[in-house]
Amino acid sequence: MSLLFALLFYLAILVLALGLGYKVYDFARTPAPLLIPTTPAPTTQGGVALRMAREVFLFESLFKSNLWIWGAGMMFHAGLALVLIRHLRYFTEPVWSWVALIQPFGIYAGLLMGAGLCGLWIRRIFVERIRYISTPSDHLMLALLLAIAASGLSMKFISHTDIVGVKNFFLGMMHLNLQPLPADGVLYLHLLLVAALMLIFPFSKLLHAPGVFFSPSRNQIDNPREKRHIAPWAADLEK
Amino acid sequence: MAEITAPAYRIIPIIPALKPDAMVESKPYVASDKIQEAIGFPGKLADDWQVTHDAVIAKMGELLSKYRSLKVYLDACVHCGACSDKCHYFIGTQDPKNMPVARQDLMRSVYRRYFTLPGKLFPKLVGARDLTKEVLDEWYSYYNQCSECRRCSVFCPYGIDTAEITMAAKEILDSVGYGQKYSNEIIGKVHKIGNNLGLPPPALLDTLEGLEEDVKEDTGIDVRFPLDVKGAEVLLITPSADFFAEPHIDSLIGYAKVFHASGVSWTLSSMASEAGNFGMFIGNYEQLRKIALRVREAALELGVKRIVVGECGHAWRVAYSFWNTLIGVGAGASDPYAIQLQNQLDLRYKQPMHICEFTWDLIERGGLSFDKEANDKHIITFHDSCNVARASRMGDFAGGQFEIPRNIIKACANNFVEMRDGATREQTFCCGGGGGLLTDELLDLRVKGALPRMEALQQVKDSHDVNFMATICAICKAQFTKVLPMYGFDRRVVGGVHQLVSNAIKLGDK
Ligand code: SF4
Ligand code: SF4
């Protein structure tokens, strides 16, 4: 079992890294022939960085759009971010001090994440417009994330798992020195789901994470009169 | 067709319930083979569906490799629904396929099927579908119900701009012989005659001379409307509707008066007697560039130092955002092609410059004086045109495109009222006629699409007796002239900013 999980995670990491790497490369190499920032847009590079930071950390556009989606989305993403950071303790020895510092908040973050996901799912089911645009994969994605959160939390609240053993397993994996994974059904489930999430990341709508940085309507500087902007294939037309 | 009437105002502007397929029959006329071939597209769809099918997929692949916007936007959407209630066409028609995300999904579903792994393996799961003739017909219907106004992109957490997808869809449809008559016919005219309305140079000259006489009669002053004057300082590029459509022409008179008062010599060009560029509407870069090239040629030939653009929304987007890229009108180039023109232009001025920037600059320097009472019969509000608001700028700071026209209005009139928040500035609603939809067979769609703007206008009419809605777009002016009466307003409620300038400007004592 330990070997199977180790192989699964090696595969998942490989697919995630290569898949995402390829996507980012693909986004980056595709030219943006025309300047199309949604205006009013920043007129400097620094301004664009700020705009992007506001989008990524505060979901600025979503805030303007719909407070419910913003609230639920914020809860989920903020919760997820904290939970991810908290999980660093399974991969670092000694545990970095700032990671140790946020340990006590991990549980609340997990709950926050679950609540956010429920909010998003309720909207998806009960708001007619959003139900209309939802595909089965949209529901499955929420189910997957919720199952990950639930299985994770249940190891804290219901059946404690041997977290020292888990840590040894992952540290071992990182050093290519296989250690046994504690035999625990809930843990197996949790890890299986996480691996599944990593595997589908590069092929799914989770691409919104790298995508936002490449969105021309958000990452371009509004300076068309001051600077000539031309894509290679467009420049060829001038020859 | 049943008589077209305006939809009722929403009692509380809540999000409407869905009416699936309400607008599936709404389609513009398909371009004839003559129209298509005149601008280099295949005349009609291939007889063999498989040929069309393969061509669509190939074209989509090509566009995906040329436009980062398309690629990122098709991948990044999470179906959050934040954009779903933001489109004026959805609000007015209640057809769920007019929700921006659903409109994107018409193409995204095909993209997933042919270009992504999950779509190839599990199409049902991820909402992927095969390309069929029915799908293509659906594209034709619903991508011709998007005015490319970018309102949805303001609200999307990833800035996904449905307009980019609509443009790609139109480009694909054109490339397989399934073009839209209205836009493609106009593009043919602009190449053949020089403007969208097909007004030949002698008729243009006639019109301008007539205007000189009219203004002389009106004001007693010799305001000139020069055409093809070599060595003029300014070349004015304006939508051809300004030459004879109502109320457009009143703004043209306004520009002429401003130039007169400024003392700057100016000219129109018969070769480039059109600011509009429908190449953008159909998403075709070659046409976009080719149409813009007339401006470059006219500028080089006439030897002008500055290029100023009249009141037109998408034209200002093309001029402001794209001209430097397409034809080198702008600054900061390092290649010989663009430098040739940039050396001729006077780069102490913005190139290109919007007529509102020109006028406001004069006002700020004390170069114009107004008799504001001349506009007292008007209680004025301002309709931000979508492409000016969300795809361009004026002045030196972000948002100048909102302030400068308002500043001009306030400088030449006493009564100004804003419409409600959420219906102006970057959240403005499209007039309902943009993006190549300003054609009679789409009137039903246009009337419904105007609903949110009409509601906002009605509010300020009720609260402040507003009786004039100023705007700076030829399409907005034409569209509102048509739909205002259907909502119970007088058609003359809409007019240009420079129409107000024209009413109040004092010419004599300069
Ligand atoms: S660009 Fe405008 S018309 Fe098109 S979908 Fe978005 S909001 Fe609707
Ligand atoms: S707001 Fe953006 S991400 Fe959300 S559904 Fe609309 S296009 Fe998709």
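## Contacts between the chains

In this predicted model, 44 residue pairs are in polar contact across the interface of chain B and chain A, with both residues of each pair at pLDDT 80 or more. On the side of chain B that touches chain A, helix H15 of chain B (residues 313-327) gives the largest share, nine residues. By residue type, that side of chain B divides into 47 nonpolar, 20 polar and 20 charged residues.

Six salt bridges are found across the interface of chain B and chain A. One of them joins B:Asp75 to A:Lys23, and the closest N and O atoms of this pair are 2.8 Å apart.

## Size of the interface

The contact involves 59 residues of chain A and 87 residues of chain B. About 5,800 Å² is buried between the two chains, and carbon and sulfur atoms give 57% of this area. Within chain B, the residues that lose the most area to chain A are B:Arg68, B:His79 and B:Thr325. Together these three residues account for 12% of what the chain B side buries.

## The sheet of chain B

Chain B contains an open sheet of four strands, in the order E2-E1-E3-E4, with parallel pairing. Strands E2 (266-267) and E4 (353-354) each have a single partner strand, so one side of each is left without a neighbour in the sheet. These two strands therefore stand at the edges. In general, the strands of a sheet pair through backbone hydrogen bonds, in a parallel or an antiparallel sense.

Strand E1 of chain B (residues 234-237) pairs with E2(B) over two bridges, in the parallel sense. Here B:Leu235 is placed opposite B:Thr267 of E2(B). Helix H15(B), already named for its share of the side that touches chain A, also lies across E1, E3 (306-309) and E4 of chain B. The helix runs at about 140 degrees to E3(B).

## Backbone features in the loops

A:Pro40 belongs to the loop between helix H1 (2-29) and helix H2 (45-58) of chain A. B:Pro247 sits in the loop between E1 and helix H12 (248-262) of chain B.

B:Arg150 is not a glycine, yet its phi is positive, at about 70 degrees. This residue, B:Arg150, is found in the loop between helix H7 (133-142) and helix H8 (151-155) of chain B.

Technical notes
Residues numbered from 1 in each chain as written. Chains lettered and ligands numbered in written order. Predicted model: local features only at pLDDT ≥ 70, side-chain atom pairs only at ≥ 80, totals over all residues. Heavy atoms only, no water. Contact = heavy atoms within 4.5 Å. Buried area = accessible area lost by both parts, 1.4 Å probe. Salt bridge = Lys/Arg side-chain N within 4 Å of Asp/Glu carboxyl O. Polar contact = N/O pair within 3.5 Å; in protein donor to acceptor, adjacent residues only side chain to side chain. Nonpolar A, V, L, I, M, F, W, Y, C, P; charged D, E, K, R; others polar. Pairing = 2+ DSSP bridges. Axes fitted to C-alpha atoms, helices over the stretch in contact; angles between N-to-C directions.
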